Amino acid sequence: MTEKTARIDFRENSRNASPAVVAATQNSTRTALRKRAAVVAEFGEERWQELRKAGHEIRMHALTHLDRYLAMVEEKVTAAGGYVHWAKDAEEAREIVLGLATERSVRSIVKVKSMVSEEIDLNPALEARGIRAYETDLGEFIVQLAGQRPSHITSPALHMTKEEVAALFCEKLGIDACPIPEELTEHARLRLRPEFLNADMGISGGNFLIAETGTLLIVTNEGNGRLSTSLPPVHVAVVGIEKVIPDWESAAVLLKLLARSVSGSKITAYSTFITGVREGGPKEFHLVLLDNGRSRILADKVAREALLCIRCGACMNTCPVYNQVGGYAYGAVYQGPIGSMLTPLLLGTGLAGGLPFASTLCGACAELCPVMIPIPEILLHLRKRFVEGDTFESPSVPGILKAMAKLGRIVLGSPTLYHLGGRLGKIFQAPLRRGDWLPSLPPPLNRWTMARPFPAFQGGFRGWFKNRKAAVKQAEGKLHE
Amino acid sequence: MEMVQLFITCMGENLLPDVLKKMVLLLERLGVRCELPEAQTCCGQPFYNSGFQAEGRQMALRWMKAFADTGGYIVAPSGSCVEFVKHRYPAMFPEGSAEQERAVRLAGRVLEFSQFLVNVLKVTDIGASFPHRVACHYPCHLTRGLGVRSEPLALLRAVRGLELIPFDESETCCGFGGIFSVVYPEVSKAMMETKVKNILASGAEAVVVSEPGCLVNIRGGLVKAHSRVRAMHLIEILAEGGST
Amino acid sequence: MSNTKSSREVILTDVHTALAAYAASPLQPIPTSARFEPRKAANLDEEMEMMLLEVKRLGGRGLKVHGRDEFAVALDDLVKTERIRTAAFSDHPLYRPYGIASLLKGSGVQVLSPDGDGRRLADCDLGITAADAALPETGTVLLRTTQGQPDALSLLPRVHLALVAPEAFRADIHHAFAMAKKDRHFVLVSGSSRTADIEKVLTLGVHGPKSFHVWICD
C-alpha cells in the first residue's frame, strides 16, 4: 500500500466490480448485520448505547495520552522479557521483521490475519527473501491462495462463493474439494496443521495493547491466533501505535463491543492475553510499534477520531455504497467507510481524494460504529481538504470544478441571478422536455439522466404565493369595510 | 395564531412547487399564517458537502440574513436542509462570533414540516383520506440526522383508509447523496435501483418520500422502471381527500 | 538496529507534538464516563444454569457433575461417545481427588503429558483443562496458560473439556480480569474453534477443537 503511487479511481473500480462479487458481498453483510442486531437486542439497546459511549471515551482518552501509554507499554513489555521495536513507516517495519527472521534463519512463518501486515505489505517482502509465510485465518488463507487481497477487514474472502473456494482448492491444493463450507474448512485445517507445528516464527497483529501491564490482546475465532503465538519459538507482533488502551477495565468494555460488532457473537471464541515471554510459550516475544502516518493523523483534531477504530467492519457491512461495489473498489487495504477515511489520511488526498466522496453521507455507519467515530464528519473534513486544502495538504481538486463552484455560488447567491436562472432553465429545457420529465440531459448532467430522468423545472411558487397573499388581504379588507 | 417562515429550499422551489403549494394550504387550514422571506435562495449545503466550504459559508450568511429578522418557526418540507441549518450552521463559524450567535438562534427555530405539525401544533389527524397501500421510505438526514421517525408515522397512521405496509431496507439510503449522484453515477444508479426493487416487491401503491432530493431520485427511478407506483411527499398524501 | 532508538524518539516526539494541547498536563485519570457498570450475578444456581445454556448455544455441551462417582461415569461416557483414545489433562489440585489419570486408563485411554510447548498434543483426542473463572453470560472459561496447562492443551486435541468449580463463577468479564490480570498469560475460551469465512456459514473446528464440553464439578 505504501509504495502504491497510482491515484485510486473509485469510479473506474466500481464500474469493474463483478456482479458475482457484489452479490456474494451483499449476502454476507446481510447475515452479519442480522446477527449483530440480534445480540445487541439481547444485550439491551440502552445498555448498548452506554457501552458504546464508554468505548468512545476509552479510546479518546488513550489517544489523547498516547505518548505516555506507549512509554508504559514499552516499559512493561521489556520488564516481562519482551523486546520493543519502533517503526516510523512501512519500510522500517518490514526491515525489522526481515532482520529478526534472517538473524534466526527462519524459513517458514505462520501468520495471524492482520490489517497492519497488509498495510506494510509484509508478505511479498518475506517471499522475496525466500521465507514462506502462511496466512492461517481461513478467509485470508483463501485470498492468499487466490493471489488476491482481502475485500473486507474482518472477513477477507467475503466476496467469494463456496463454489469459487472449492475450485480454488482443487486447483491450488491439488485436492478434490466439494463446495461445502464444512469440508473446505477441514481441508484448510489439514493443510495448515503441519505448518503450525513446523513454523520457525509466528507473526500477528494485535487487537489491543493494554498499557497497565504491557499485555497484547489477540482475538480469533478459529484458534489460529493462539497456535501462531504459542507453538513457534519466536512471536513477532506488529501493531499500530493507536491500538494502545489504558487498562484491563478498558479491555473488558472493548471486547464486548468488538465481538458483537464483528460477527454478531457475544464473545469471540478465543481471546489470548500475552505479556512478554512465558514458560512453555515462545522463547522470544517481539513487539513492533508502527507509526506509518498515525502520528500525523493524530495532529488533525477532526480526523484523529478515525484512529479510534477497533477494526470491527460493521461500517462496511451497513454501508450501502460498499454493498454495491464490494471491497476492491476502494483500491486499498482498508475498505468501506473506514477505508474512505484511513486511505486518504495515510496516502494523501492527492492519491485517494475520490474516496471521501464515495459516500452519500447517509450516516448508517456512524449509527453502528461501536466507538462512535463521527464518520460523515471526517469525510466532510477530507472533502474540504481535497477541495480547499488545509494545514496538512494543498488542494487537489481540478480547476474546472473550482470555477463551476464559484459560478454556482454567484448565481445561487444572488436572488436576481437565481430567479433568472430558474426562468432560463424553463426556456432551455423546452426541446428536451417530455411531459413532466427531462429524459436526457447533455454532459455533465447526463451523469444523472443515465440512471433516471430529471424533473422539468417548474417554478412559479413565489408568484402563486404573492397572488394568494394579495387575494387574502383584499378579502380581509372587504370584510373590514 | 401561529406564524411560520417558509423555508422553501432551492430544490423545492424549482422542482416541486406543487408540494410547496400544498404545504401552504395545509398550514393555513390549520390556522397558521405563512410568510415567505423573499431573499432566500439556497442554504449552501450542496457547496459545503462537496468540500467547497468557503462557498457554503457565504451561502449560509446569505440565508441567515434572509431569515434573521423574521419571527416564528422556520418550516421546510426537507429534513436535509433543516438538518444542515440546525446542525451545521452553528459549527461553521468561529466560537463566540456574532455569526455563530445568529446561527445558533436560527438553529433553534428551524423545523421540518412533520415536526412542526406533531410537536408544535400537536396535530396528527388533519382529515386526510388516502385509501391505498402505502410504504414509507425513511430519508437518511430526516431519520438519522434529525432523529425524526415517529412524527411522519403518526401523521400517516391518522390518514383515513391508508394501509401502511413495510418494505425491505426502508431505512437504507436511496443513492441520491447530493453530489454523490453525479460523481459516482453508476453506484448511485445501483442504489436507486435496489430501492425501487424493494418498493415494487412490497406491493405498495404509493411510497412516501418526504425529502426533495430523494423524492426526485426515487420518483425518477419509478418512472424509468415504467412503474405505476407513485412516490409522494408526506405533504402530498396529507393533502389528499381533505377539505382544501 | 542502529536506527531503532532514533525511530523511537521520532515517533514519541511526533505523537507528543500532535497532542500539544494535552502535552502540558500530566496523565489524566481515566474519566468515569469511560467506565461501564458490569453485569450483576444472580444466585449461583441460576448462574450455573445460564452457563450450561450458553455453552449449548455455542454448540458445546454443558453438564453438572456431583462428586467423584458421577465424574467417573460422565468421563467414561465422554470417552465412548467422542471415541477418545489419547488424552492429556491439566493436573490441577482441585481435581486430583478424582484421579483423572486412573479413570482415563480404566476406560482404555492412553494418557499423555501436557508439559512443554504441547507439540506432542497434535495427535491427542482429548484435552482436559481446569478453568480459573467461568463467565455464564457468554459461556466462557478463563484458562491460565502455564507449564502444566499450555495453550495447546485446549487447542490441538479435537475435543476440549473444561472443568469448572462453582467458586470459579464470575458475574462479568470485568471481575474475571480483575482476578486474572496479575497472571498476565491466559486465554478466554468460548466454544469450539469456529469460522464463518465461507459465505458466513458457521463451521465448528477450524484450527482448534471441534467439540467443547464444560463440566461444573462440585
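Trainee: What should I know before we start?

Mentor: This is a predicted model, where local features need pLDDT of at least 70, side-chain atom pairs count only at pLDDT 80 or more, and totals for chains, interfaces and linings use all residues. Residues are numbered from 1 along each chain as its sequence is written, while chains are lettered from A and ligands numbered from 1 in the order in which they are written.

Trainee: Okay, how many residues of chain A are in contact with chain C?

Mentor: 77 residues of chain A are in contact with 60 residues of chain C. Being in contact means that the C-beta atoms, placed from the backbone, lie within 7 Å.

Trainee: Which strands of chain A and chain C pair up?

Mentor: Strand 9 (residues 270-274) of chain A pairs with strand 8 (residues 186-189) of chain C, antiparallel, over four bridges. To pair, two strands need at least two bridges found by DSSP. Strands are DSSP runs of E with at least two residues, helices are runs of H or I with at least four, and both are numbered from the N terminus.

Trainee: And what is the bridge partner of A:Phe273?

Mentor: That's C:Phe186, in strand 8 of chain C.

Trainee: Switching to helices. Which residues of helix 3 of chain C are buried?

Mentor: C:Glu47, C:Met48, C:Met51, C:Leu52, C:Glu54 and C:Val55. They cover an arc of only 165 degrees around the axis, which puts them on the same side of helix 3 of chain C. The arc is taken from the directions from the helix axis to the C-beta atoms. Buried means 20 or more other C-beta atoms within 10 Å of a residue's own, exposed means 12 or fewer, and partly exposed is in between, with C-beta atoms placed from the backbone.

Trainee: What's on the other side of helix 3 of chain C?

Mentor: C:Asp45 and C:Glu46 are exposed there.

Trainee: What do the buried ones pack against?

Mentor: In helix 3 of chain C, they pack against strand 1 (61-65), strand 5 (133-135) and strand 11 (211-217) of chain C.

Trainee: Now helix 4 of chain C: which residues are buried?

Mentor: C:Phe71, C:Leu75, C:Leu78 and C:Val79. Seen down the axis of helix 4 of chain C, the buried residues fall within an arc of 95 degrees, so they line one face of the helix.

Trainee: And what comes after helix 4 of chain C?

Mentor: C:Arg83 follows, with a positive phi near 50 degrees.

Key: Two residues are in contact if their C-beta atoms, placed from the backbone, lie within 7 Å.
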